[in-house]
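Subject: Handover of a structure

Dear colleague,

Please find the structure below, handed over for your records. My findings follow it.

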Amino acid sequence: MEKGTMDRDLADSVVKKAQELGASYAEVRLESFDASAFLLKNDTPEISDFQKSNGLGARFLVNGAMGFMSINDLKKALVMKRVEETIRTIRASARMLKSPLKFASEPPAKHEWVVRQKEKLQDVDPKDKMEYLFDVRKAIREVDGTQSFLQLFETMSRKYYTNSEGSMLFSETPRIGLFYLLTVSAGGDSEQRMLEHGASGGWESVKKWNTIHNVGQEVRALKAVLEKGKAAPKGDVKLVLSPELVGILVHECCGHPTEADRIMGREAAQAGESFLDRGWLGKRIGNEAVTVVEDPTVEGSYGFYHYDDEGVKARRRFLIKDGKVNDFLHNRQTAAMMGIRSNGAARAVNYSFEPIVRMANTFMLPGKHSFEELMEGVKKGVYMKSFTEWNIDDRRWNQRYVGCESYLIENGEIKAPVRRPVFEITTPGFYERVEACGKDIQFVAGECGKGEPMQGIPVWMGGPHIRLKDVRLG
Amino acid sequence: MDISESFRGAEFVVDQAKELGADDCVATVTKSLARQLKFVNNEIATSKAWDFVNTNVFMSVGKRIISSTIRETDEARIREAVKSLLAVAGKMQPKKDYNGIAKGPFQYREIPETFDQKVASLAEGGVDIVSSAVDKALEKGVKRCSGVLLWNSSESFKATSGGVKASEKGTDMQFSLRALVDKEMSGHRVGLSRMMGKLDHNRIALEAADMAVKASRPSDGKVGKYDVLFHPMAFANLMSYTANSFSAFYVDSGFSFLADKIGKKVASDMFSLTDDGTVPNGYWSTKYDEEGHPVRPTPLVKDGVMQTYLHNTSTARNHKTESTGNAGLISPSAWNIDIRQGDMEVEDMISSIKDGLYVTNLWYTRFTNYRTGDFSTIPRDAIFRVKDGKITGNWKSIRISDNMLNIMRNVSALSRAKEQVYWWETSVPVTTPHVLVKGVNVTKPQ
């Protein structure tokens, strides 16, 4: 469904109908969402998948209660029937309300944007996309017996957003991603590694990832870990974390706990709550070297957008600033609950989901040190370059990250591989131990899970290399 | 022609695919209407409705596999869509180990208790269910209740080039309630049913609230090896991850700790696990799989010994066996996992624990290595400390860091009663008793 063929009148009619039925607020997202994927399992191409979908998602506020509907058969009579039923249910649910739900005020927005593709994804032959996976596989086979699962995936969203306050937004966002899972074996034992890259843009993004070179280095490194890896050193050591580790850490223990809907309890039974509350704002949580931002406006990023799915303009948010909790991620509802304006964090995967508070691109800001300077003076330490398993509790306090490619540091030099060092820490425990940040920055991608039903939304996470002190590894 | 008109649409797609050169084709038209009430802090936060019609098609030509959705509704455009998909498929490399789909037609056995008109027509009546359950929980002394009530009605029509022409309609309901006294005192329970009369929402609410109230003043746990009694909510979480490891696709991909284990001991003698898509009122019970092959009960572990992997027609031929009726056209998957119950009462199981824990829920289970089964997971909600057969307090902030084969091999007791669990953190329906596991490794953060 191209911009010109979108039935904007249908979206506008839904807003009008909802208002006639008593809605004090209505918003509609009319969207075509196409997704394709190519899979290569070891040397076998599995399936090429091409999904096409058009539909409408709408939210209404009636008597202070909120409802959401989504429909993909866009015959007007069917859509209007569903609007009527949705509003009836909202009215019924309003009787459980103790106070009416409110949205923070927001001026109407009118804007159109198209994410630029130097090489349009639709112009790249599917055969060439599968050939690219075979090239990655060839690099993986440098270590005999390595099993792999490779997935190249892309989406194209063309979306018209309108609401009863006069906002009208049109966007066209292509995204592409690559996921791989490697199993390297030696001596009857194995190690596994998974990674995802992602970007908003065209085929040119794939070339920037340099995967064919990097994956070859990774399988050789994992083989060395298997054959020569030693246990992590005992006692307190320095820990140097790569941008990949910093990315997952700030995503899990800064981005998630600062989601204001969690803080207000909205995800209590699913994605969980947060150890943070309003009392934490302005309070120290870590070393002043730590600043973590959330920024949807990074061009080419996997989490890129200009306006969120409530029509609020995107901007950079400083979640932790100089070691202090500084801001939360808000939609219009949580902003109203805290008496402020939204900072544009409402996102939905596509028209079939309600917009909720989400991250986009979460990263620690770089410092001043080169990688060599971070290593200097480390008598005994560990460098965790990549990780396998990780998890964190549902209040975002207790977490663990298991190193994959990791090395011993002795007297400032990288030495032998370390096998599966376990970094198990509390959130303030992590931020307090950061003593130096590198001047580099890198990102990896992910599909962050939240909501009911689960929405896996594209995000970037990253940061510089950093050094921690007084860490005990398992 | 309106493709949403059931068989005609599915058959037309298959006919066109065959005429245009496809070797295999599966077309499925699904109509569904799902509704959800999401409640937060004792109020309904959002009521939701999804009204969808989808036509999915799977085709192979010269072992080249493609899948897609078809949005077109008139015959000429459907034919064009199929033609262009086959043209794309023709450019791809063949999947050499692809071995076709099931050849029908088949006779299907109706599964009792899979459709209830009362569920299909519930509409705004769901508010009464949520309201009643929240009130029950609050009466027990909790401060906040959050969760979801989800109900769904669907109808699907399937045609395949293997001669299958089949249809099925079903309903399902899911109720999840987490009760909180404060941020660190909570209890969580879920209930599932295909039939309105079999979802006891008030019992779920009372049990969640009871757990929350008993989880008072938790203290930080201690590292060590403990005998752990897993509540069905917790053990179902572990088994939902294990369910994937039974899939032949996961085994062939290097993602399964059960690779090369058929005929071998993988669990304690008292441990038996079956996948059964035919169980009445089973949350994912169905007459046929994605190929239209009839579904059946499949013992996967019997008295501790691994029996088979889950197969579709293609993976079964590669493994020189028969389909277990678990297609997934690419990856076979489980329907309803069932753990054989034991003969103990939960109270007696607690009394038998000298130095252990009673874990009532798990969260964020992740594998360090899918092939070896090394994993960790985080107990949440009530974690009861058990010493000398008695509950002596509550813990928080711990992690179970162990190996899935160790867990299965160290099962030492199973309760008589069991229940079906499926929710946000348990992605396959699992019916399980309480399970006692000896010597589970517990860690905590620095």
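**Helix packing in chain A**

The crossing of α1(A) and α2(A) is right-handed, that is, the near helix is turned clockwise from the far one, whereas a left-handed crossing has it turned anticlockwise by less than a right angle. Helix α1 spans residues 8–20 of chain A and helix α2 residues 76–94, and the two pack at an angle of about 30° with their axes 10 Å apart. Axes here are lines fitted to C-alpha atoms, for helices over the stretch in contact, and angles run from 0 to 180 degrees between N-to-C directions. Helices (H or I, at least four residues) and strands (E, at least two) are DSSP runs, numbered from the N terminus. On the α1(A) side, A:Leu10, A:Ser13, A:Val14, A:Lys17 and A:Ala18 meet A:Lys76, A:Val79, A:Met80, A:Val83 and A:Ile87 of α2(A); residues are in contact if their C-beta atoms, placed from the backbone, lie within 7 Å. This contact has 7 nonpolar, 1 polar and 2 charged residues. Ala, Val, Leu, Ile, Met, Phe, Trp, Tyr, Cys and Pro count as nonpolar, Asp, Glu, Lys and Arg as charged, and the others, Gly among them, as polar.

**Basis of the model**

This is a predicted model, in which local features need pLDDT of at least 70 and side-chain atom pairs count only at pLDDT 80 or more, while totals for chains, interfaces and linings use all residues. Residues are numbered from 1 along each chain as its sequence is written, and chains are lettered from A and ligands numbered from 1 in the order in which they are written. The model scores ipTM 0.96 and pTM 0.97. Chain B has a mean pLDDT (the predictor's confidence in each residue, from 0 to 100) of 96, and 99% of its residues reach 70 or more.

**Domains**

Domain bounds come from an automatic or database domain assignment. Chain A is divided into domain 1 (3–228) and domain 2 (236–472), with C-alpha centres 22 Å apart. Their contact takes 43 residues from domain 1 of chain A and 34 residues from domain 2 of chain A. On the domain 1 side, β7(A) supplies the largest share, 9 residues.

In chain B, the assignment gives domain 1 (117–156 + 169–213) and domain 2 (219–443). Their centres, taken over C-alpha atoms, are separated by 24 Å. Here 15 residues of domain 1 of chain B and 13 residues of domain 2 of chain B make the contact.

**Contact between the chains**

Chain B contributes 66 residues to the contact and chain A 71 residues. On the chain B side, strand β2 (residues 43–61) gives the most, with 11 residues. Strand β3 (residues 65–71) of chain A pairs with β2(B) in the parallel sense over 5 bridges; strands pair if DSSP finds at least two bridges between them. Within this pairing, B:Trp50 is the bridge partner of A:Ser70.

**A sheet in chain A**

An open sheet of 6 strands runs in the order β19-β18-β15-β8-β24-β21 (chain A), with mixed pairing. Its edge strands, β19 (413–418) and β21 (434–437), each pair on one side only. Strand β18 (residues 406–410) of chain A runs antiparallel to β19(A), joined by 4 bridges, and A:Glu410 stands opposite A:Glu413 in β19(A).

Yours sincerely

Technical notes
Two residues are in contact if their C-beta atoms, placed from the backbone, lie within 7 Å.
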